[in-house]
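Hi,

Here is the structure I promised to pass on. Have a look at it first, and then read on for what turned up.

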Amino acid sequence: MGRITEDLIRRNAEHNECVIFSLEELSLHQQEIERLEHIDKWCRDLKILYLQNNLIGKIENVSKLKKLEYLNLALNNIEKIENLEGCEGLTKLDLTVNFIGELSSVETLRGNVHLRELFLMGNPCADFHGYRPFVVATLRQLKWLDGKEIERSERIQALQDFPEVERQIREQEKAYCLKRARDKSEAQRKLRDEQEHGEKEGHPGSDGRRDADVAANPPPSLGSRDQLQALEVQEGEPNRKKVDDVEDDLEFWNKPSLFTPESRLETLRHMEKQRKDKEKSSEKKKKVKPPRMLITADGRALNVNEPKLDFSLKDDEKRNQIILDLAVYRYMDTSLINVDVQPTYVRVTVKGKPFQLVLPAEVKPDSSSAKRSQTTGHLVVCMPKVGEVITGGPRTATPAQSTGAGSREHTGRSCSRSRQTEKLEVDPSKHSFPDVANIVGGKAPAPRRVQPEPKVMPCEEDPGFEDDPEVPPLI
């Protein structure tokens, strides 16, 4: 059964940024609330309060709501109008389909001078003879009753017939109260019987009969045919139980019952029991999924895409990094995303579902970054590689090998100095030939000085460069 709690009120106060002390409108319908409480302390500024379709049995704890203008208590278990004198600003009261049998309790609304609309249709008192004239004559401030406007002539006639109508209403109230007392006692007796029956079913064999039956009929030995038949019977027991439950459910709904607060509570208990049984059966049938394997026993990472997201992996050689573009849901909160970058793989957890991808190269987790696109919602993870790339440096001069005219044709045009071949003339008088006699005698020839050959360095062609005049021969 539901209760009015602070958390419940805050969850229904989203339109007021979950602030409850300044709340002016509150809707708590269909919450299975049994009692009105705490509202007059937490929400003093309420003007509109919806409490229809609950199990409220008494109007209470609303007398401090001075600003309350509209109170909806339709489809509840209220039997009497009371405790509304303090609601000074009340203009509309809806008590449709309740169990109000004391029609004279409308007299408590005489102090609510601003009350203009009242709904009592669907209550036992609405079937009383003289119901409408009695209410019209009692509450002179009313303008509408059960959605029908009160004419001036109708009010005058009701005031004239009020003494006789009041006497009839009192007699009908007395008869209804006696009948209601009998219904209450019958409902209480039935509830006690159900509880005793449930206790007996909950403790089978408490009288010793079941234990005696088990002792008299021990289970069959293993491997016998009787055991197989017993197992088949045991497997059929859940099906029989389901059939019995369905039969009990049909019997409950087809059984005639009075429209009383007790019957409403009984119906709710039956529905709650069915819901719990269904949850238990679903928990038994539900298979526990094994946890997703992300790393094998030998430490190898696996590729996993449990959230089933589109992605692209790009190797940016220019910046020496790997870029992962993951198509995360556009309007999903970023707090639901968790990124974990490792040297050999990257893992992104989206709403508890892992996305893992093995990287083609080793990266630096400490230097990695993750960003979220504000337009598409995609997650972009940039992961620098471990290896460094040499982007620039001094060029090493390669010596040119002279191969005669062929090399000059291959290199094309060069600077003028390299294009002209230097001719060196040697004076025959100064030229010395090796002494063959000394070589044969074992004496090493005297070293001679050799002019080093000039090196030819390649250079780029300069259009403004003019050829130098012919270099004079060296002697």
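The chain has 11 helices and 15 strands; helices (H or I, at least four residues) and strands (E, at least two) are DSSP runs, numbered from the N terminus. Before you go further: this is a predicted model, where local features need pLDDT of at least 70 and side-chain atom pairs count only at pLDDT 80 or more, while totals for chains, interfaces and linings use all residues. Residues are numbered from 1 along each chain as its sequence is written, and side-chain values use heavy atoms, with hydrogens and water left out.

Overall picture first. Of the 475 residues, 28% count as buried (under 20% relative accessible area, with exposed over 50% and partly exposed in between; 1.4 Å probe, protein chains only). The chain exposes about 34,000 Å², and carbon and sulfur atoms supply 52% of that (Shrake-Rupley method, 1.4 Å probe; for residues, only the protein chains shown count as cover). Take the contacts between residues at least 6 apart in sequence: 49% of them join residues at least 24 apart (contact means heavy atoms within 4.5 Å).

Now the inside. The largest nonpolar core holds 52 residues; such a core is a set of buried Ala, Val, Leu, Ile, Met, Phe, Trp, Tyr and Cys residues joined through side-chain atoms within 4.5 Å. The members that touch the most others are Leu71, Leu73, Leu84, Leu93, Leu95, Leu103 and Leu118. Helices H1 (6-11), H3 (131-138) and H5 (162-202) each supply at least two residues of this core, and H3 gives the most, with five. If you click on Leu118, you'll find it in contact with Leu93, Leu109, Val135, Leu139, Leu142, Trp144, Leu145 and Asp146, leaving aside neighbours within four places in sequence. A second, separate core has 18 residues, including Leu309, Val341, Val346 and Leu379.

On to the aromatics. There are four aromatic pairs (rings of Phe, Tyr and Trp, its six-membered ring, with centres within 6.5 Å; planes under 30 degrees apart are stacked, over 60 edge-to-face, the rest tilted). One of them is Tyr50 with Tyr70, edge-to-face at 5.6 Å centre to centre and 90° between the planes. Tyr50 sits in strand E2 and Tyr70 in strand E3, so this pair ties together parts that are 20 residues apart in sequence. Tyr50 is partly exposed at 21%, and Tyr70 is buried at 14%. Another is Phe128 with Tyr176, also edge-to-face: 6.5 Å between centres, 65° between planes. Phe128 lies in the loop between strand E5 (117-119) and H3, and Tyr176 in H5, so the parts tied together here are 48 residues apart in sequence. Phe128 counts as buried at 11%, as does Tyr176 at 18%.

While you're in that part of the sequence, look at Glu60, in the loop between E2 (48-50) and E3 (70-72). Glu60 is buried, at 16% relative accessible area. Beyond its neighbours within four places in sequence, Glu60 is in contact with Arg35, Leu36 and Asn83.

Last, a sheet. Four strands make an open, antiparallel sheet in the order E9-E10-E15-E14 (strands pair if DSSP finds at least two bridges between them). Its edge strands are E9 (311-316) and E14 (369-372), each pairing on one side only. Four bridges join E14 to E15 (379-384), and one of the partners across them is Val380 in E15, facing Lys371.

Cheers
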